[in-house]
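Take a look at the structure shown here. Keep it in view as you read the report.

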Amino acid sequence: MIFVIMIVFGILSYAVSARLKNKFKKYSQIPLTKNLSGAEVAKLMLADHGIHDVEVICVPGKLTDHYNPANKSVNLSPEVYNGRNAAAAAVASHECGHAVQHATAYSMLEFRSAMVPVQNASAKILNVIMMVMLFGGFFLFSAFPIKMVLLVIIGAYGVMTLFSFVTLPVEFDASKRALAWIDERGIVNSQEHDMAKDALKWAAMTYVVVALGSLVTLLYYVSMFLGGRD
């Protein structure tokens, strides 16, 4: 059953990712009326919010855009950094939305950042358990009671599920800030606004799929544990 869950959400994740790439490709072919690059949009948004200690840099890859709170940098892929279209403006302003969250001590971002070490540890624990179960499950369950193993898995998945759901408001809020700013600043017209909104919606859907997949997996292991108690 766990492999069925993984396959179903793997397919769903692939479908959403493919949809996002298609949307980004489509909107990248339509020039922005203001003719601003993603990098110029990012720098302008940071300046408008009084943020002068965040660097905007270009990083290799596709859709590798992210904000790094550790070194205060908005990292944009070449297509976004150099792109002069609604998709690039949307992604660049979204990542700057995270920088604004950081600068204003947005509570959900701070909570998510505090969870990172625990989430990383939980992921490592799960990787070890899954590897042992795959190649030596007999020895694992011979050394430890199955209920104990299930409790550890549930605890780790609980942390990862909480982390994935905390990520959702952080991402939605960054998009909300981005769309509001590009409208107020006149970066986009009404048609370009709709394209930017659609691109960010599908980007957010990738996080929704991850959260739902994590929740379903957690519930599966909880049901196993409760069933074992009977």
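## About the model

This is a predicted model, in which local features need pLDDT of at least 70, side-chain atom pairs count only at pLDDT 80 or more, and totals for chains, interfaces and linings use all residues. Residues are numbered from 1 along each chain as its sequence is written, and side-chain values use heavy atoms, with hydrogens and water left out.

Helices (H or I, at least four residues) and strands (E, at least two) are DSSP runs, numbered from the N terminus.

## The sheet

Three strands make up an open sheet with mixed pairing, in the order β1-β3-β2. Two strands pair if DSSP finds at least two bridges between them. β1 (55–58) and β2 are the edge strands, and each pairs on one side only. On average, neighbouring strands in this sheet are turned by 25° against each other, direction ignored. Such angles run from 0 to 180 degrees between N-to-C directions, and the axes are lines fitted to C-alpha atoms, for helices over the stretch in contact.

β1 and β3 are parallel, with 4 bridges. Glu55 sits opposite Ser73 in β3. Ile57 has Asn75 of β3 as its bridge partner. β2 and β3 run antiparallel and are joined by 3 bridges. Here Asn68 is the bridge partner of Ser73 in β3.

## Two faces of β3

In a regular strand the side chains alternate between the two faces of the sheet. Now look at β3. Ser73 and Asn75 point one way, while Val74 and Leu76 point the other way. All of them are buried. Buried means under 20% relative accessible area, exposed means over 50%, and partly exposed is in between (1.4 Å probe, protein chains only).

Which residue in the turn between β2 and β3 has a positive phi? That residue is Lys72, with a phi of about 50° although it is not a glycine. β2 and β3 form a hairpin with 4 residues between them. Lys72 lies in the loop from β2 (66–68) to β3 (73–76). Its relative accessible area is 32%, so Lys72 is partly exposed.

Ala105 also has a positive phi, near 55°, and is not a glycine. Ala105 belongs to the loop between α4 (86–103) and α5 (107–143). Its relative accessibility is 41%, so Ala105 counts as partly exposed.

## Glu192, a buried charge

Glu192 is part of helix α7 (residues 190–229). It is buried, yet has no salt bridge. A salt bridge needs a side-chain nitrogen of Lys or Arg within 4 Å of a carboxyl oxygen of Asp or Glu. Lys and Arg count as positive, Asp and Glu as negative; His and the chain ends are not counted. For Glu192, the nearest side chain of opposite charge is Lys34, 8.8 Å away.

What does the side chain of Glu192 make a polar contact with? Its partner is the side chain of Thr33, at 2.7 Å. A polar contact is a pair of N or O atoms within 3.5 Å; within protein, one must be able to donate a hydrogen and the other to accept it, and residues adjacent in sequence count only if both atoms are side-chain atoms. Not counting residues up to four places away in sequence, Glu192 touches Pro31, Leu32, Thr33, Ala86 and Ile187. Contact means heavy atoms within 4.5 Å.

## Glu171 in helix α6

Glu171 lies in helix α6 (residues 146–184). Its relative accessible area is 9%, so Glu171 is buried. Leaving aside neighbours within four places in sequence, Glu171 is in contact with His94, His98 and Tyr207.
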